[in-house]
Amino acid sequence: MASLGIVREFLSEMSPVEGVAALLILINVWLVARRSIWNYAFGIAGVAIYGVVFFRAKLYSDTLLQVFFLIVQFYGLWQWRRSQREAGEVVVERLTRTVRLAWAAGIVLAILGWGWLMHRFTDASFPWWDASVAMISVAAQYLMSVRKLENWWLWILANLVSIGLYAAKALWITTGLYVLLLGIAVLGLARWRAARQGAEA
């Protein structure tokens, strides 16, 4: 009986809106891994809905992140269409080692700065944890939009950090989503790496 009560409580905390957003993002990332330009249709809808979910959960960094994602979705769509027109496919590129180090340093500084702002000026839940998810995801989303292979390493890290954060906020659908997204990110890295190696051969 006790276990039934736990399941009932678990289900009662789930939001149908959160479920729709999770499904849209799951389809979006699956299509990104396959380098399908159709990912953007699902991504635009998913991030718009998640903006509402995170605002209600007082995860303000994640709320603002969805606004950023919405803007970058349109930028990414433009970039991917241009690549398709020029090369006939979405071409995977890589960063140089120096640029990778610069991105890593920038992400750390962004986490420290944004986390401090959220801690100092808002009632955000887990401001530093939330800032880590947000800033790593900002970098990953931009690099994905410009078709850089390294975006998947950042998504793997962001997904790992996100799983704990959303579980702590009892956003169970979103927690499950990020477990699945972690698997898709690993698959995406493998597929994009193969595409890059094929282009270099």
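## Basis of the model

The structure is a predicted model, in which local features need pLDDT of at least 70 and side-chain atom pairs count only at pLDDT 80 or more, while totals for chains, interfaces and linings use all residues. Residues are numbered from 1 along each chain as its sequence is written, and side-chain values use heavy atoms, with hydrogens and water left out.

## Overall fold

The protein chain has eight helices and zero strands; helices (H or I, at least four residues) and strands (E, at least two) are DSSP runs numbered from the N terminus. Its radius of gyration, taken over C-alpha atoms, is 17 Å, close to the 17 Å that the globule rule gives for 201 residues, so the chain is as compact as a globular protein of that length. That rule is 2.2 Å times the number of residues to the power 0.38. Along the principal axes, the C-alpha atoms fill a box of roughly 60 × 35 × 25 Å.

Among contacts (heavy atoms within 4.5 Å) with a separation of 6 or more, 73% join residues 24 or more positions apart.

Of the 201 residues, 44% count as buried; buried means under 20% relative accessible area, exposed over 50%, and partly exposed in between (1.4 Å probe, protein chains only). A nonpolar core is a set of buried Ala, Val, Leu, Ile, Met, Phe, Trp, Tyr and Cys residues joined through side-chain atoms within 4.5 Å. The largest such core holds 50 residues, and Tyr50, Trp152, Trp155, Tyr166 and Trp192 touch the most other members. Elements giving two or more residues to this core include α2 (16-33), α5 (97-121) and α7 (151-168), and α8 gives the most, with nine residues.

Beyond its neighbours within four places in sequence, Tyr166 is in contact with residues including Phe54, Val133 and Tyr178. Alanine 158, in helix α7, counts as buried because its relative accessibility is 1%. With residues up to four places away in sequence not counted, alanine 158 touches Ile136 and Ser137.

## The surface

The accessible surface of the chain (Shrake-Rupley method, 1.4 Å probe; for residues, only the protein chains shown count as cover) comes to about 10400 Å², of which 69% belongs to carbon and sulfur atoms. Leucine 109 lies in helix α5 and, at 61% relative accessibility, counts as exposed.
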